[in-house]
Structure formats: structure tokens, C-alpha cells
Amino acid sequence: MRKILVTGGTGYIGSHTAIELINQGYQPLLIDNLSNSKMDRLDQIEKITGVRPEFEKIEMCDGEQMKELFSRHQDIEAVIHFAAVLQVGESVEKPLFYYRNNLVSTLNLLDSMNGSGIRPIVFSSSCTVYGNPDTLPVTENAPVKEAVSPYGNTKKMCEDIIRDSTISTTIQAISLRYFNPIGNHLSALIGEEPHGEPTHLVPYLTQTARGIRPHLNIFGNDYNTPDGTCLRDYIHVVDLAKAHIAAIERLLDNKQDKNYEVFNIGTGIGYSVLEMVQAFEKATGMPVPFKFAPRRSGDVEAVYADTHAAEKSLGWKAELGLEDMFRSAWEWEQTLEHHS
Ligand code: UFG
């Protein structure tokens, strides 16, 4: 079995990807510093797949730990790199922590890969690099805009670092620019566990439906969109996880056109915040009280993906719709005991 290193492997997207890797016959080696996830993810992955993935607690900012990891596991064939700190608001408060953590971990990873002759890496990037795009749907050729947060900037900078590494080393890379990942594995055994008051829309929706929050604040209803609220491209995390398998196989099979490629990973459909509230109510039968609130600083008006490149080159297309996303998010919400 081919061993794939998954950094941030016990996190929200990392653990969903580990499941898909196991389902496709790969052997994921998960590493994480457990700063934003727990070891019990391994039990849940085992329950879902019947396989307990190998795990090591690693601090990626420590170059020695990374070198030792790669010398212990000389059979790693490829890397999927999720590990990062990722709260937009926190990144504004602690920019140096964000830059140091997300950049140094990536540099150490690339150094170790280079030292061990490992070629393929799939990087977890974000549509945040497009900022407020000039044309929609946004293609991979759209200009990368100045980031609105240090977090967003670390995604852009890591993309640049990885791209430049592919020029003079044997490293070959694909950056996947995710749109808005939501939902959970259909087993409701794993999912996103927001700490404190959620910042993302869907955890806020599910907590409001459950009565933990009195109402949802919809940030801005005066945008230049059909109903005045922002448009986003929401993608089911299981579809997103599958895109990583397609990308890693493209690299392992030497099918890439260039040493560095970028693909949008979304559904291609933009939904407004109001449409999301209505679709959630329809899918779950749960009412969601909401109020209009002022615009949130840093929000872009509208962004959704042109997905043709991913369809053509990765042979990947999102399959799950809003109903699957909301049903799974709602089922997961009801398993979270720490809120009640
Ligand atoms: N929203 C609300 N009320 C809330 C939460 C969100 O109205 O309580 C709205 C936002 O204004 C936005 C939409 O719901 O219009 C989606 O917001 P999220 O916070 O769920 O997601 P973002 O689009 O802000 O997040 C995306 C990516 C992040 C990235 C960020 C910054 O998911 O990884 O863009 O560019 F960092």
C-alpha cells in the first residue's frame, strides 16, 4: 500500500481526506500537533473505515522533528499538506504567530521532502487568494489579489513558496483552492468542532437552530447581489476530500502538465446567505431566526468557482448538494454535547 503523509491529519478536512485515502486503498500517515483537534479522531476514522491510521504528534515548526519523521518513514510516497492555523480574525490579532506557524511549517516540510527525494505534494489553499474577483465564476487564471488578512496572505505566500520550490527541486505540486467547505461525513462520527462562538456560517446556523444562539446575524443585505446578501460556493467536505485523492493520483501517475498546477475546488454554484438559511430550513425542518447586521469587515461580495479545469484535468466533480451538506451538518451538530 502506498503511504501518504497527511499533515493536519486529525483536523476537519484532514480527517475526511484520511477516510477517502483508506477507502481508495492508500495508507495514510497522519501528523498533527493537536492544537485544534483531538486524538479521538483516530477512533472515529477507525469506526468508519475499519482501519486505524498511523499517527504521530509532530510540531512541524521544529525542523529536527520533521527530519526525524521522514527518516523513520522512508516509505512515504507523497504528501497532502493541511496543517495551518486558520482563524481569519485571530490572524489579524496575531500576525507574527500566523506567519511563523504557517510559513515555517511549510518550509520545513519542503526541506524534508527535498532531502528525502519525495516528489508529490498537494497543498490546501483557498479561494481567499482571489479576493473580490473581477469576473465570475472565477477561473484559476484570475489575478491573485492582495490578501485581506494575514491568514489569507499565508495561503498566498505558501502557494508562492511551493511553486518556486518546483522550479529547482524534484518537488511537483498541486494547490487546491477550496471554496467554502461545509458538512460532515455521512456517519456523523466526525466533523468541525468550533471553539466558542462560531465565525463560519454553517456552524452558526446549526447552533441557532439548536437554540444555543438566539439568532443568526446576516452580515450585510446591501451588497450588489440578487437579494443583497453575499454569494459563496459551498462544497461538501466529502467531495473536497475526494478532490485530494484525484490530485495526489495525478502526481503519483505523472499525469501533470506542469511541475506546479492550481485547481479550483467548488461546485460552481453561488448561493446567497439568505438562500442558505432557506435551504437549511427546508433540509432539516428546523427554523432559523435571523437578523440583518452590518457588513463584516473583510468579506468579499461574491465568489464562486469555475470548475472546468478540475473536471478536465483531475476528472473530479462535486456530487453532493446543499441538502446533503445541511443534513450532515445538522446530524453532526446534534452529537456535539459540549454546547448543551
Ligand atoms: N455569515 C453571516 N453570518 C455569520 C457567519 C457568516 O452572515 O454568522 C456570512 C458571511 O458574511 C459570508 C458567508 O456567510 O457572506 C460565509 O461566511 P463564512 O465565515 O462561513 O465563510 P467565508 O466566506 O468568510 O470564509 C472563506 C473561507 C475561509 C477564508 C475566508 C476569508 O472559508 O477559509 O473566506 O477569505 F479564510
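**Close-up views of a predicted model**

**View 1. The second largest cavity and its lining.** Helix α6 gives the largest share of the lining of the second largest cavity, three residues. Helices and strands here are DSSP runs numbered from the N terminus, helices being H or I of at least four residues and strands E of at least two. This is a predicted model, in which local features need pLDDT of at least 70, side-chain atom pairs count only at pLDDT 80 or more, and totals for chains, interfaces and linings use all residues. Residues are numbered from 1 along each chain as its sequence is written, and side-chain values use heavy atoms, with hydrogens and water left out. The volume of the second largest cavity is about 40 Å³. On a 1 Å grid over the protein atoms alone, a cavity is a set of points where a 1.4 Å probe fits but cannot get out, a pocket is an open set with protein on both sides within 12 Å along at least five of seven lines, and lining residues have an atom within 4 Å of a point. Points are joined across faces, edges and corners, and a volume is the space filled by probe spheres set on them. The lining includes Phe123, Thr154, Lys155 and Cys158. It divides into four nonpolar, four polar and one charged residue, where Ala, Val, Leu, Ile, Met, Phe, Trp, Tyr, Cys and Pro count as nonpolar, Asp, Glu, Lys and Arg as charged, and the others, Gly among them, as polar.

View 2. Seven of the seven residues of β6 (residues 172-178) are buried, so the strand is largely enclosed by the rest of the structure. Buried means under 20% relative accessible area, exposed over 50%, and partly exposed in between, with a 1.4 Å probe and protein chains only. Gln172, Ile174, Leu176 and Tyr178 lie on one side, and Ala173, Ser175 and Arg177 on the other. β6 pairs in the parallel sense with β5 (residues 120-126) over seven bridges and with β11 (residues 260-265) over six bridges; two strands pair if DSSP finds at least two bridges between them. Phenylalanine 123 has serine 175 of β6 as its bridge partner, and alanine 173 stands opposite tyrosine 260 in β11.

View 3. For cysteine 61, the nearest cysteine sulfur is that of cysteine 158, 10 Å away. Cysteine 61 is partly exposed, at a relative accessible area of 29%, whereas cysteine 158 is buried, at 3%.

**View 4. The second largest pocket.** This pocket has a volume of about 360 Å³. Of its 19 lining residues, Glu140, Asn141, Lys258, Glu261 and Val262 lie nearest its centre. Two or more lining residues come from each of α6, β11 and α10 (308-314). Seven of the lining residues are nonpolar, two polar and 10 charged.

**View 5. Backbone details in three loops.** The peptide bond from leucine 136 to proline 137 is cis, with omega near -5°; proline 137 is in the loop between β5 and α6. Leucine 34 is not a glycine but has a positive phi of about 60°, and its place is in the loop between β2 (27-32) and α2 (40-49). Asparagine 254 has a positive phi near 60° and is found in the loop between α8 (237-252) and β11.

Methods
A disulfide is a pair of cysteine sulfur atoms within 2.5 Å.
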